[in-house]
Structure formats: C-alpha cells, structure tokens
Amino acid sequence: MESDEVQADLVSSLDPDFLPANPLPLSAHRRSQESQSDQKQTDPFQFGSRFLSEYDNVFEFNAWDHVETDDTYKEYAELQYAKQREAPVSDFDKHRFNSDPVKWWNNFYKNNTANFFKDRKWLQQEFPILTQITSASAPPTTVLEVGAGAGNTAFPILKQNQNKFFKIHACDFSKRAVEVIRENEAYDHGQHIQADVWDVAGQALPPGLAEGTVDVVLMIFIFSALSPSQWRQSVSNIYKVLKPGGEVLFRDYGRGDLAQVRFKKGRYLDENFYIRGDGTRVYFFEKDELVKIWAGTGAGSPGDEQVIGTGFRVIDLGVDRRLLVNRAKQLKMYRCWMQGRFRKPAEN
C-alpha cells in the first residue's frame, strides 16, 4: 500500500497553483560542493545533513533536510484544510470507499506493475537492525512485512541477505499485490520469502505464523491506508505475532505533508484522512498521536482513550521534514514523514 509515496519523486509534475509564493530567502551565494553539511548522513533517524541557511540558494540542490515549514506555508496549509472540510466526500462515496477498501487496492495493482515503484534501498540505513538480521552470522530470523505491495521492500532486503535461516513473510490484503510478488523472478516459493493475502485489521493472524513467532515487523507506508477505527485491531495483531523483545519498523506520512495540503474538494473523509483519485485512502499522522496509538492508549478512533491492554515501548520516533525543489520551475515542496521503532516488552 504505497501509491502516494511516489509523489516524493514526481516533483516536476506538481502544479504551482498548489504552492505558496517563495517564502524562503534566496541568495546568489553558492556553497561548496565539498561542504561538510553536504556529506552523506549515515546515522539512522538523522534524516540527512544538508541544512538550509539564510545564506544558501534554496534552488542549488534538489532537496534540503530538516526544513521546518514557515509561517507562510502554515497559513496556506490551514486555508487548504478549511476548504477541504467545507467540501468533504459525500456520505454515499464515504460508504463506497470505506466498505470495501481492498477493491480499490486490487484495482491499483492491476493498473500499476512492480516497475511502477522504486526499490527502498534506504531501509537498511534508517533501520540498521535489517543489516544485522541478514548477516551471515545472524541467528534464524522471521520478518513480517505488512502491506508488502509489489515487493519493493522485501526483494531489496533479500538481495542483501546472507543469513541462511532468514525468512520474510510478505503480506498484503490485496490479492493482486500478492500475485505481483509471486510473479517476481526473485520469489523462491517459501524458502526465504513467502507472500500471502492477509488483512492486518482482521481477526486472524498471518498464514503460517503463530503468536510470538516474529522477530521484526515492517510497516512502511501501510498504517496510513487504514481507517482510524482499524488501528486498535491492527496494533493488537502485530503485538500478538511478535516475540517478546521484537520490534516494529515504521514509516508513514506526517501531518502537513504536501500530499495532504494539495488535496482538493471532495477528497476529505475525516480529519487528516482522505481518499485519493484512485479510490485508496491515506491518513496523515501527528507524532503525539503515534505515541498514543503504539504505547497503548488511544489506539482507536480519535477521542477514544481505551487501553489496548498491551503497549509497545517507543524506542525511536522522529519527524523527517524535507524541502524538495524543482529547480527548472522554481517550485518548493514541503514533505513530512514519520519514522519509528516500537518494541514489544521482553518477558521478565
């Protein structure tokens, strides 16, 4: 479940009408290509090290890290949210999209092959545990990927794997997405990768997995595809399937991301929750909201403060804010993603 993730790469296609006028100072000054701040960042959860200063030409590079939105953009975003609320999805369409979400994801994967997506080669940098568990000296390891899509997370991990006893269960509730994975030439029919249809918000555990058998769960741009009413059951299922001490590796959309701000009328389902043009849903998270969901309280509909009964420990939770620019069209685009590590407490 990842259709809107590709918008991060489609910077040249964004309409300038969606963007405020240049709010950041420009300068004729050009920094040295060898500047220390331009070096590749290797520390996880640091999200890059190209910092934008008042002396920099914002259009010198395609992207800047750790750029907070300014007052101009914030005001523009709030105006957009107000317009979205004034023209929500009709009750008829709300029922149509919420009653059978798998239909829209199946259509999505029928229309978009595996080549539509980019492989997520950055995952092992942001989540070093993936390097550890795929090393030749690693113990037997079971990974569950939720919302595996076309396999653009699973297959790059397998390509780097040297652990003879490593296996990833790549699950998606779209039958067509699972078919795409199984059709991949790298699919080994269950030796190191097994693809199955599974709904993380359903009542059953994934095929072939029992309670307490998974070491790591991958959730990369999938939680946002769920309705808030599905959060509690989903978190409960993940908690059940993990071993004590097991971890969830999480990345998803943050509130204020350009993808949220640029939604027009007829796309607003609920606060921070939208329907895309292809019929798939997307939610944009706040940091504090994710803490409540995964730490054990508030993992349900907004305003619902019931405790799940089991709570994860939040090991890391960061906000990745980036400014992407289209230098040819002189456009600036603010992106915002949430990235976290949540651990099931070890048994005493």
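**A first tour of the chain**

Colleague: Which residues touch the most other members of the largest nonpolar core?
Modeller: The largest nonpolar core has 42 residues; such a core is a set of buried Ala, Val, Leu, Ile, Met, Phe, Trp, Tyr and Cys residues joined through side-chain atoms within 4.5 Å. Buried means under 20% relative accessible area, exposed over 50% and partly exposed in between, with a 1.4 Å probe and protein chains only. Touching the most other members of this core are Leu-130, Ile-168, Ile-181 and Ile-193.

Colleague: What kind of model is this?
Modeller: Residues are numbered from 1 along each chain as its sequence is written, and side-chain values use heavy atoms, with hydrogens and water left out. Local features need pLDDT of at least 70, side-chain atom pairs count only at pLDDT 80 or more, and totals for chains, interfaces and linings use all residues; the model is predicted.

Colleague: Which residues is Leu-130 in contact with, leaving aside its neighbours within four places in sequence?
Modeller: Contact means heavy atoms within 4.5 Å. With those sequence neighbours set aside, Leu-130 is in contact with Leu-123, Gln-124, Ile-157, Leu-218 and Leu-249.

Colleague: How much of the chain counts as buried?
Modeller: The chain has 10 helices and 11 strands; helices (H or I, at least four residues) and strands (E, at least two) are DSSP runs, numbered from the N terminus. Among contacts with a separation of 6 or more, 75% join residues 24 or more positions apart. Of the 348 residues of the chain, the buried share is 53%.

Colleague: How far apart are the end C-alpha atoms of helix α1?
Modeller: Helix α1 covers residues 71–86, which is 16 residues. At 1.5 Å a residue its span should be 22 Å; the expected span is 1.5 Å times one less than the number of residues. That agrees with the distance between its end C-alpha atoms, 23 Å.

Colleague: Which residues of α1 are exposed?
Modeller: Tyr-73, Tyr-76, Ala-77, Gln-80, Tyr-81 and Gln-84 of α1 are buried. They cover an arc of only 140° around the axis, which puts them on the same side of α1; the arc is that of the directions from the helix axis to the C-beta atoms. On the other side, the exposed residues are Asp-71, Glu-75, Leu-79, Lys-83 and Glu-86.

Colleague: What covers the buried residues of helix α7?
Modeller: In α7 (residues 175–183), the buried residues are Ala-177, Val-178, Val-180 and Ile-181. They fall within an arc of 155° seen down the axis, so they line one face of the helix. Lys-175 and Glu-183, on the other side, are exposed. The cover over the buried residues includes α3 (101–111), α6 (154–160), β3 (166–172) and β4 (193–197).

Colleague: What is the bridge partner of Leu-144 in β3?
Modeller: Strand β3 is largely enclosed by the rest of the structure, because six of its seven residues are buried. It runs parallel to β2, and six bridges join the two; strands pair if DSSP finds at least two bridges between them. The partner of Leu-144 in β3 is His-169.

Colleague: Which residue of β6 stands opposite Val-216?
Modeller: Strand β5 (residues 214–220) is mostly covered, with six of its seven residues buried. It pairs in the parallel sense with β2 (residues 141–146) over four bridges, where Val-216 is the partner of Val-143. Another six bridges join β5 to β6 (residues 242–253), again running parallel. In β6, the residue opposite Val-216 is Glu-247.

Colleague: What is the phi of Phe-221?
Modeller: Phe-221 is in the loop between β5 and α8 (231–241). With 3% relative accessibility, it counts as buried. Most residues other than glycine have a negative phi. Phe-221 is not a glycine, yet its phi is positive, at about 55°.

Colleague: Which residue of β9 is the bridge partner of Tyr-274?
Modeller: An open sheet of three strands has the order β7-β8-β9 with antiparallel pairing, and its edge strands, each pairing on one side only, are β7 (268–270) and β9 (281–283). Strand β8 (residues 273–275) pairs with β9 over three bridges. There, the partner of Tyr-274 is Val-282.
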